[in-house]
Amino acid sequence: MEIKLIAPSILAADFSRLGEEIKKVEEAGADIIHIDIMDGRYVPNITLGMPVIKSIRKVTDLPFDAHLMIMEPEKYVPEFIDAGCNMISFHMDACIHSHRLVEYIKSRGVKAGIAVNPAEPIHMLEEIIHFIDYVLIMSVNPGFGGQKFIPETLNKVRKLKRLMEETERTDVLIEIDGGINEHTIVEAANAGVNIFVAGSSIFKSENPQETIRRFKEKVNGFTVGV
């Protein structure tokens with residue numbers, strides 16, 4: 001059975017109660033906590049940094065998946081790992097030596113991923129795919145939560161699946177982030193996505209536990225107990 005995991009994005013959480021919010025989705029059945037790191041340079045927004053990650057690391061044992069939307073990520077990756085991140089993805093156009101950074105991340109026992117923006121082609125991964133653990137497909141333009149899903153990005157997922165087969169890297173996981181809800185999660189799962197990042201649709205829902213349960217049923221194709 002293919003891996004199908006739900007990763008709530010804390011960008012949509014209530015930051016005044018961040019620890020409680022994380023415990024809430026953990027108890028609801030979340031598999032991963034997704035953390036969006038923005039620097040105001042690579043994207044027009046600023047979110048959080050290492051001190052916050054260190055703080056919330058104390059409230060859960062779930063894996064932390066950090067998406068670095070920052071320039072020169074190589075300068076900060078060691079600190080994000082020290083803060084407790086288990087997965088780190090970055091953008092190749094923000095880093096001069098992507099292979100070197102991927103190898104460093106993996107040398108620290110952390111999974112390394114490459115994030116791909118909506119207008120970027122999959123063929124840019126042809127050389128780096130031999131070294132990475134996962135690819136994060138952005139189904140919205142990075143920088144803000146609550147955006148509308150870009151359906152054309154599903155073609156990118158299908159192209160990535162073909163590239164994985166051609167390079168014999170079918171073990172690479174595919175993650176998708178942006179506009180994931182009860183409808184788009186089914187389309188993404190059918191295209192071949194393994195990890196589904198969802199922010200507003202989980203944290204803004206009246207019943208996060210029920211939302212995550214329905215998400216899991218839709219992507220796994222069978223009923224999940226509460």
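**Notebook: salt bridges, strands and a pocket**

I noted Glu-20 as exposed, with a relative accessible area of 52%; buried stands for under 20%, exposed for over 50% and partly exposed for what lies in between (1.4 Å probe, protein chains only). The model is predicted, with local features requiring pLDDT of at least 70 and side-chain atom pairs pLDDT 80 or more, while totals for chains, interfaces and linings use all residues. Residue numbers start from 1 along each chain as its sequence is written, and side-chain values rest on heavy atoms, without hydrogens and water.

**Entry 1: salt bridges**

I looked up the partner of Glu-20 and found a salt bridge to Arg-17, at 3.2 Å from N to O. The term requires a side-chain nitrogen of Lys or Arg within 4 Å of a carboxyl oxygen of Asp or Glu. Arg-17 is partly exposed, at 33% relative accessible area. Over the whole structure, the search returned 16 salt bridges.

I then examined Arg-169, whose closest N and O atoms to Asp-171 are 2.8 Å apart in a salt bridge. Arg-169 is buried, with a relative accessible area of 13%, whereas Asp-171 is partly exposed at 49%.

Next I took Arg-214 and Glu-210, which form a salt bridge with the closest N and O atoms 3.5 Å apart. Both residues lie in helix 8 (residues 208–220), four residues apart, so about one helical turn separates them. Helices (H or I, at least four residues) and strands (E, at least two) are DSSP runs numbered from the N terminus. Both partners count as partly exposed, Arg-214 at 27% relative accessibility and Glu-210 at 23%.

I recorded an open sheet of eight strands with parallel pairing, in the order 1-8-7-6-5-4-3-2. Strand 1 (5–8) and strand 2 (33–38) are its edge strands, each pairing on one side only. Two strands are taken to pair if DSSP finds at least two bridges between them.

I checked two of the pairings. Strand 6 (residues 134–138) runs parallel to strand 7 (residues 173–177) over five bridges, and Met-138 has Asp-177 in strand 7 as its bridge partner. Strand 2 and strand 3 are also parallel, over six bridges, with Ile-35 opposite Ala-66 in strand 3.

I asked how far strand 3 (residues 64–69) is enclosed: six of its six residues are buried, so the rest of the structure largely encloses this strand.

I looked up the second largest pocket and noted a volume of about 160 Å³. Volume is the space filled by probe spheres set on grid points joined across faces, edges and corners. On a 1 Å grid over the protein atoms alone, a pocket is an open set of points, reached by a 1.4 Å probe, with protein on both sides within 12 Å along at least five of seven lines, and lining residues have an atom within 4 Å of a point.

I listed its lining as Glu-120, Pro-121, Ile-122, His-123, Glu-126, Lys-156, Lys-159, Arg-162, Leu-163 and Glu-166. The lining divides into three nonpolar, one polar and six charged residues; Ala, Val, Leu, Ile, Met, Phe, Trp, Tyr, Cys and Pro are classed as nonpolar, Asp, Glu, Lys and Arg as charged, and the others, Gly among them, as polar.
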